Each structure stands twice: as structure tokens, then as C-alpha cells.
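Hi everyone, thanks for coming.

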Amino acid sequence: MSAFKLKFLPKDSSDYPAFIFMNFAFCGITLYEILTVLPTVDEDSSLGFTFHFIIGLFFLINIYGNYIQLIKTDSSTKGMIMPTILKESWKFCYTCECNSPPRSWHCSACGRCILRRDHHCTFAGVCVGHQNYRYFIMLLFYLSVCGIYINVLNAEFVVDIMGGLSFQTLLAMLLPWAAWLMGIHGPFTFIVAFMSSLILFGTLLSAGYLLYQLNMIRQGRTSYEINKGQGKEYDIGTMANLKQIFGKNWKFCWLLPWLPSHLYTDGTRFLTVNSYEEIKDL
């Protein structure tokens, strides 16, 4: 149990509300789709049900798989032997009491320096950094694509349950609690409205943050570097930036989180515009 806690549960108690919400949302939406929506899709055709089930299973494996890999994969400097001499662009971390490489920053929630630290994800209870950034991006990607797929799949079911498109339907979708308390809809309709709203807002948030992250990858920078106006020297071109994130097997690793794709560096050194140009000129 202690090993499980250390590996999967957040180290900082402030992460627990978001972490618990994320996991309950995953489980709740999965059960809702399998038990409530899917049985009503193509009722006259078992082929239609099977098709949607297989597509949903592929999304489910990738969402849960990337989420687990995001948590499991350590992007910190733990276990790494750092040089005793302070190198150029390196800095000394007074909390860890050791030198830390460029683009790494100490996270007070994780209690460690994180290699190429982007941000601390409260929904996973870990920092997103050099080693697990791939899984974070793919988690956002599959949440977005799956969310769009589910919203399209659920549209007819939701409209039928709500009794057609009307002001009351929109109110129930936007404010399901208020619609239920006002007696506009019953308990089951409230559940449908609540789950539909959760899926819709989750899709919009995931897609919006995915676009933001893809823009950062295009620039070869992290959230911290963009906020501080730093990191422009690491922009070696969109395709090369992408490969730095997804590794040597970048063409196929997006299919499943367990497909190996070794990164080009160990997180203590990175290609810059100048060094990349020198390599190309050789």
C-alpha cells in the first residue's frame, strides 16, 4: 500500500480535491456512456453498438494509459548525479542542495527539481516535465478527440431525454442543479444534463489547453519560459521541437502510451538554435 501511495497519490494535500475529481469524472463518464447512452445507439443494429464500443475502448485505453504514465513517469532530478561545479546556465537549488540543469525548476509541491519543468498538474498530482510531457500532451489530445466524439454521439439521446430543443433544455444543460431544484426536470433528466454539461465543458477545457500546449511546442518553450520571456534559443523548428518531446519513435508513439520512444536527451542538456545549425552544417 505504501508503494502504491508513493507512486500514484499526490504528495501535496492541496492536489487531492482536483485529483479525486479527475478520477471520479473519468469513472463516472465511462459508466454513464456504457450503461446509459450506448444501449440506445443503433438499437436495431448490433454492428453499430460494437463499432462505437471498440472506438470508445480505444479512447479509454489511451486516456487512462496516458494518465497513469503521466503519474508514474518521474521527471525530477531524483537519482541523478549532478556535477559539483556550477556549469554555465546551471543554477544552485538551495532546497535540494545541489546544482540543477538549465530549464529545471524546483517544485514546492513535489519537493524536487523538475527537468524541463512546464507546470505542476494538480489533476495528476505531479509535475509535467521532460520525461512525462509526451503523456500529458497525449492525454489532452485523447480527452479532446474523445470529448468531441462523445458529444456528437450523445446529441440525439440528450435531445430526446430533454424533450427537444428549448429554453428549458439550455437552462438544464448550463445550470442542471438550478433546473432540478426549480422542478423543470426530474432526477434522471438532471443526471443526463449534468453529465452532458461535464463532458462539454471538459472537452472545451481540454481542447483549449491542448492548443495552448501545441503552440508552446511550436515555439520550443515551456509555460514558465513563455511567462518569463525566456527560452527562445531552444526553438529549433516545429518538427525538431516535436521530436524532442515525443522521442525517436514519434511517428507511432501516439497510438499507445506503452509504445517505447526514447528521448534525445536526458533532460540536463538541450539543443539550441546555434548548436542545431552547427549539426545540420556537418
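Arg112 is partly exposed, at 23% relative accessibility. Do keep in mind that this is a predicted model. The partner of Arg112 is Asp74: the two form a salt bridge, with the closest N and O atoms 3.6 Å apart. Arg112 sits in strand β4 and Asp74 in the loop between α3 and β1, so the pair ties together parts that are 38 residues apart in sequence. Asp74 is partly exposed too, with a relative accessible area of 36%.

How many salt bridges does the structure hold? There are 3. Another one joins the side chains of Arg103 and Glu225, at 2.8 Å from N to O. This pair links distant parts of the chain, 122 residues apart, with Arg103 in the loop between β2 and β3 and Glu225 in helix α8. Are these two buried or exposed? Arg103 counts as buried at 8% relative accessibility, and Glu225 counts as buried at 4%. Then we have Asp266 and Arg269, whose side chains meet at 3.2 Å, N to O. Here Asp266 is partly exposed at 33%, while Arg269 counts as exposed at 51%.

Now, on to the nonpolar core. The largest one has 42 residues, and Tyr67, Leu70, Tyr133 and Phe136 make the most contacts inside it. Helix α4 gives the largest share, 15 residues.

Finally, look at α4 beside α7. Their axes come within 8 Å and cross at roughly 150°, and the crossing is left-handed. The residues of that contact divide into 22 nonpolar, 9 polar and no charged.

Methods: Residues numbered from 1 in each chain as written. Predicted model: local features only at pLDDT ≥ 70, side-chain atom pairs only at ≥ 80, totals over all residues. Heavy atoms only, no water. Core = buried A, V, L, I, M, F, W, Y, C linked by side-chain atoms within 4.5 Å. Buried < 20%, exposed > 50% of the residue type's maximum accessible area, 1.4 Å probe, protein only. Helix = DSSP H or I, 4+ residues; strand = E, 2+ residues; numbered from the N terminus. Axes fitted to C-alpha atoms, helices over the stretch in contact; angles between N-to-C directions. Left-handed = near helix turned anticlockwise from the far one by under 90°. Nonpolar A, V, L, I, M, F, W, Y, C, P; charged D, E, K, R; others polar. Salt bridge = Lys/Arg side-chain N within 4 Å of Asp/Glu carboxyl O.
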